[in-house]
Amino acid sequence: MIVVGGSSSRDLAKELARVLGCTYIQAASTRFPDGECYTRIDSDTLDDDVVIVQNTYPDGNLVEMFLLQDAVKRMGARTITLVIPYFGYARQDRVFKSGEPESAKTISQRLAFICDRVITVDIHKEDVLKYFNCPAKDVKAASAIASYFKDKNIDMVLSPDIGAAGRAKEVGERIGKPYDHLEKTRLSGTEVRIQPASSDCSGKNVLIVDDIIATGGTIIAATSQLKEAGAKSVTVACTHGVFVNNALERLTGSSLDGILCCNTLENKVSHISVAEAIAEALKSKW
Ligand code: R5P
């Protein structure tokens with residue numbers, strides 16, 4: 001097996017190759033002066049099972065993925081597996097208002113033109129996997145998050161909404177601590193309202209787990225609710241730290257006590273690795 005790392009996922013791709021004990025090739029990706037993507041895989045042949053690790057977010061990375069798929073195929077890959085650590089567009093998984101596209105389906109179907117298998121990590125809606133028209137698996141980051149926090153003095157695990165309750169349950173069970181979920185109402189793209197927690201969090205070290213932090217609105221509202229309810233500390237761990245509009249700076253300057261995310265998107269706080277979980281999925285039966 002050969003792992004090819006695209007420009008969005010260098011550290012994760014390299015670590016994945018190390019865990020799998022296989023060859024790693026870093027694609028040399030740059031931008032032309034007009035912004036178009038150029039990429040090249042410096043190898044004579046890829047006559048093997050090839051894994052491309054590359055995000056499809058933001059849009060420029062999607063184009064790089066398309067180009068890598070073509071390059072890998074031309075170089076003789078026997079099979080092509082796409083590892084998409086952060087798959088964008090999963091939130092627009094259906095037409096909400098007439099005139100809209102089915103974005104998730106559109107992107108998945110195009111990615112499936114050149115590949116045999118797909119792996120995503122905590123994709124926002126798992127239903128999207130069926131659009132790839134090839135075997136597709138979603139790897140869960142909960143085990144990596146739980147391993148990281150196992151010895152970190154956490155008293156309870158909460159999700160900010162019922163949609164992420166399963167993640168709080170899995171992390172809570174793995175670290176042997178109680179878990180629950182908060183009730184969230186989205187008021188706008190950047191604002192949410194969080195109801196007071198029904199579980200007693202007074203004097204407790206709370207870990208909030210979520211799949212995505214984008215604007216940070218959800219986590220800021222949840223933290224202030226929990227602090228008002230007497231939580232001793234509030235730490236957040238998310239899978240994908242998207243952090244738009246200086247969200248990471250706003251979060252680190254808030255009353256939050258700690259912020260960690262997985263290395264599906266590489267940034268200053270992406271210290272939880274999902275490489276082992278992806279390697280397991282690659283080695284498992286399909
Ligand atoms: C929502 O369903 C997701 O799980 C996240 O809670 C949401 O995307 C976070 O967004 P933001 O950081 O902008 O509040």
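In which sense, parallel or antiparallel, do β13 and strand β14 pair, and over how many bridges?

A: Strand β13 and strand β14, which spans residues 233–241, pair in the parallel sense over eight bridges. This is a predicted model, in which local features need pLDDT of at least 70 and side-chain atom pairs count only at pLDDT 80 or more, while totals for chains, interfaces and linings use all residues. Residues are numbered from 1 along each chain as its sequence is written, and side-chain values use heavy atoms, with hydrogens and water left out. Helices (H or I, at least four residues) and strands (E, at least two) are DSSP runs numbered from the N terminus, and two strands pair if DSSP finds at least two bridges between them.

Within this pairing, Asp210 has Cys238 of β14 as its bridge partner. Strand β13 also pairs with strand β9 (residues 156–159), again in the parallel sense, over three bridges, and here Leu158 has Ile208 of β13 as its bridge partner. Strands of a sheet pair through backbone hydrogen bonds, which may be parallel or antiparallel. Strand β13, covering residues 205–213, is mostly covered, since nine of its nine residues are buried, where buried means under 20% relative accessible area, exposed means over 50% and partly exposed lies in between, for a 1.4 Å probe and protein chains only.

In strand β9 we find Ser159, which counts as buried because its relative accessibility is 0%. Leaving aside residues up to four places away in sequence, Ser159 touches Ala164, Ala165, Ala168, Asp180, His181, Leu182 and Val209, a contact being heavy atoms within 4.5 Å.

Helix α4 also belongs in this picture, for its buried residues, Ala142, Ala144, Ile145, Ala146 and Phe149, pack against α5, β13, β14 and β15 (258–261). Helix α4 (residues 142–149) and helix α5 (residues 165–175) pack at an angle of about 40°, with their axes 9 Å apart; axes are lines fitted to C-alpha atoms, for helices over the stretch in contact, and angles run from 0 to 180 degrees between N-to-C directions. That angle makes α4 oblique to α5, because angles under 35 degrees count as roughly parallel, over 145 as roughly antiparallel, 65 to 115 as roughly perpendicular and the rest as oblique. The crossing of α4 and α5 is right-handed, meaning that the near helix is turned clockwise from the far one by less than a right angle, with anticlockwise giving left-handed. On the α4 side the contact is made by Ala142, Ser143, Ile145, Ala146 and Phe149, and on the α5 side by Glu170, Val171, Arg174 and Ile175. These contact residues divide into six nonpolar, one polar and two charged, where Ala, Val, Leu, Ile, Met, Phe, Trp, Tyr, Cys and Pro count as nonpolar, Asp, Glu, Lys and Arg as charged, and the others, Gly among them, as polar.

Elsewhere in the model, six strands form an open sheet with parallel pairing, in the order β2-β1-β5-β6-β7-β8. Its edge strands, each pairing on one side only, are β2 (23–26) and β8 (136–139), and neighbouring strands are turned by 20° against each other on average, direction ignored. Helix α2 (residues 59–74) lies across β1, β5 and β6 (79–84), running at about 160° to β6.

The axes of α2 and helix α3 (residues 103–111) come within 11 Å and cross at roughly 25°, which makes α2 roughly parallel to α3. Here Leu62, Met65, Phe66 and Gln69 of α2 meet Ile107, Arg110 and Leu111 of α3, and the contact residues divide into five nonpolar, one polar and one charged.

Finally, some loops deserve a look. The peptide bond from Tyr57 to Pro58 is cis, with omega near -15°, and Pro58 lies in the loop between β5 and α2. Asn245, in the loop between β14 and α7 (247–252), has a positive phi of about 50° although it is not a glycine, and Asn245 is exposed, with a relative accessible area of 65%.
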